Amino acid sequence: MWNQLDTGFGHWNVFVWLCFFVIVSGFVLWVRSLGRMDYKRNTDQDEIYWSGNEVPDDGAKISVPASSSYWGFRVAMEPLYAVLDKFHSGNASDYAGYFVVTVALIGLLVLF
Amino acid sequence: MNWHDHLPAFLVMIPLLGAFLTPFAASFGKTARNAFFMLFMALTLVVGMLLCTATFDGGVLVYVMGGENFSLTLPSGMSYPVRILFEIDAFGSLLIFCISFAAFAGALFSIQYMDRFSGWKRFMSLYFLMTTGALGMSATGDLFNFFVFVEISSIASFGLVAFWRDKPESLEASFKYMLISQVAAMLLLIAIGSLYGKYNALNMGALSSMLRSGTLERVSLALILSVLAFKCGAFPMHTWMPDAYAEAPSGVTCLLVTVSQASFYGLIRVCYTIFPAVTQGGTVGWILIALGCMSMFFGVMMAVVQHEIKRLMGYHSISQVGYMLLAMGVGLLALSDGNSNGTVAAYGLTAMKGGLFHVVNYSFYKGLLFLCAGALYYATGTRDLDKMGGLARSMPWTAGMFAVAAAAISGLPPFNGFVSKWMIYESSFAVHPLLPAVAMITSVLTLASFAKVFQAAFLGPSKAKLVAVREVPYGMLAGMAILTVMTLLLTLFPGWFMDNFFENAARALLDRQGYIRAVLGGM
Amino acid sequence: MTDTIVDTPSDFAGNAAYVLVAFLVIMALYSILTQKNLIKICIGIAVLGSSVNFFLVLLGYRQGGGIPVYYLAGAKKTMVLPTPQCLTLTAIVIALATTALMLSLVILIHKHYGTLNVDEIRRLRG
């Protein structure tokens, strides 16, 4: 079989998954078809609702920049990120130092 | 005498010839230059594919350089080979498959991507040399020759990372990469020299047959292991990777990914084939697992908070390499648990197959991701995700291909990335339940950061600064399409690839005696 | 001829050269890790390369060995090993190429950053 994969613990067949996606998308389309079709085009019902404010023309003013996403994650992990930022110092001598220290550590581990 | 026998020589000869013919071809104008570039890349691809099919049946191709006969490994009654020889088994041809495809796609992409810049002759020569180095690394059967190919590909990549030499960042990235790389290369040479001093042999098969465990061997293994782990970007030594991957032109980054895979090949070859006497104890397996887990976790943690698209992907490369190191470490552990006659516990074989599957997957979808990032840079002139937005409307093809690659790298079923990761989870669970836990957390964070990239770059309202953005030219789309098609093929027919590629490659890696016998004859 | 090949001498005089190699490697690493000036770091890399080449040549040495060219060796039947010398030649060429490339990068970095201090060349971080 070209699409069946036996991993030694179980099986993987991609077409089972594709069938699953076809069924699920059929279901999704069905749910969507239950929606209201009686809204009026080209009226205020069509407009984007932005907390009652006027929507600016430039999208840059209403989009969340990528560096702000996962802000909470970053804040929650601040102690780890403080260490990681310090680690990636950008200093070439530091980087060479990490390499030499790692070589020494691996050497000690392999040797004993 | 059959031309088919000379394929291993052609593999390195064609790109090397291309590198030195480039200045002549470039003097005939732009069209001739581009045609020449693509012709030689296509020839390399064809030779690579032919070599792959030649090793499908589990055979080992041996080619002696500079001998009176290409198949004479032991001239005039010598008991060990003295000449440089190429030795390609199913594992090596797996890497050749990845490298030649990625090199071709990157070249096709670069033709229009680099069109606005000068210095094309140098770019093409260096690109050819880097391909030569990577292909040579996965084809050679000689340790010193391996070092030479490592250096060829490294020096070419220093040049290519610093190709935009008017940008201070690319110079800085190149210098940092070069500094650590040179220290590493010299340590590698010390290790190879020490082995030569003790065993009077540089051939991998001959060394493998003679090697006994001892202090010198342990030190050499530690040096080779850490140097090659550095080259493929394992955690505490990964710092060059996001810099170099981000600053190199995108077509080059696509190839750099596979060059690091060639180093990974060397690492695995050394651990499995040359040093089983030392790796028997299981320490080395655990070192690989530890390096893998650290690379996975810290790589992805750094990636989540990046907002520069190629730097983010560079950090993801570290975490992806972590998966392979984990898988191969588990395989090595299973090998040292098993009997000495080459049998291995079932979970070890699954881990190895999963790891090799991941090598191929990673080469294709990661190359594709970098090409997509390059396309975004080409179209918008920025790599900062904060300044992008709503590009799916103007660049539908790029958005679609990026979505495929992002789903594959995040391990969303039914894409190929899921299958290989799943095999790694299953098999590493047999060693310790914590290992798949780390791998799954990594996978979740990978999905999170690629959701962020897709949202920031392609979705959302259009920005006023980006209204003039158009889809990239067809040549670039074609380069990306090749890798997309390969990713989709791996997704749809994992069983076929498993039976013909990964199963054979894992068996070839385990069949140490077969590797030795191909060089030394019946022993 | 095999019986005339003797092992590398294990006396003090034989090992002193290896101690020198180790000393050179440590000196080079010291300069790479602690020096702030890019040129001095490059010198460290060059010293590291030379020490490794020295090590390779040393590996091939056999006590009292002649040159490894059969028709020039004369009556001497002990020869030093030719392979490490070939390795060294290759390694020298590689070291030359990398040193040249590295120095040219340093020149360009100086042009852009206006400094050779490694602490100040760190725009790529985090």
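Leaving aside its neighbours within four places in sequence, which residues is Cys372(B) in contact with?

1. Cys372(B) is in contact with Thr398(B), Met401(B), Phe402(B), Ala405(B) and Met480(B), its neighbours within four places in sequence left aside. Contact here means that the C-beta atoms, placed from the backbone, lie within 7 Å.

2. This is a predicted model, in which local features need pLDDT of at least 70 and side-chain atom pairs count only at pLDDT 80 or more, while totals for chains, interfaces and linings use all residues. Residues are numbered from 1 along each chain as its sequence is written, and chains are lettered from A and ligands numbered from 1 in the order in which they are written.

3. Cys372(B) is also among the residues that touch the most other members of the largest nonpolar core, a set of 264 residues; the others are Leu94(B), Leu188(B), Leu326(B) and Ala405(B). Such a core consists of buried Ala, Val, Leu, Ile, Met, Phe, Trp, Tyr and Cys residues joined through C-beta atoms within 7 Å. Buried means that 20 or more other C-beta atoms, placed from the backbone, lie within 10 Å of the residue's own.

4. Chain B has 57 residues in contact with 41 residues of chain A. On the chain B side, 39 are nonpolar, 12 polar and 6 charged. Nonpolar covers Ala, Val, Leu, Ile, Met, Phe, Trp, Tyr, Cys and Pro; charged covers Asp, Glu, Lys and Arg; the others, Gly among them, are polar.

5. Between chain C and chain A, the contact takes 9 residues from chain C and 10 from chain A. The chain C side has 5 nonpolar, 1 polar and 3 charged residues.

How values were computed. Contact = placed C-beta atoms within 7 Å. Buried ≥ 20, exposed ≤ 12 C-beta atoms within 10 Å, placed from the backbone.
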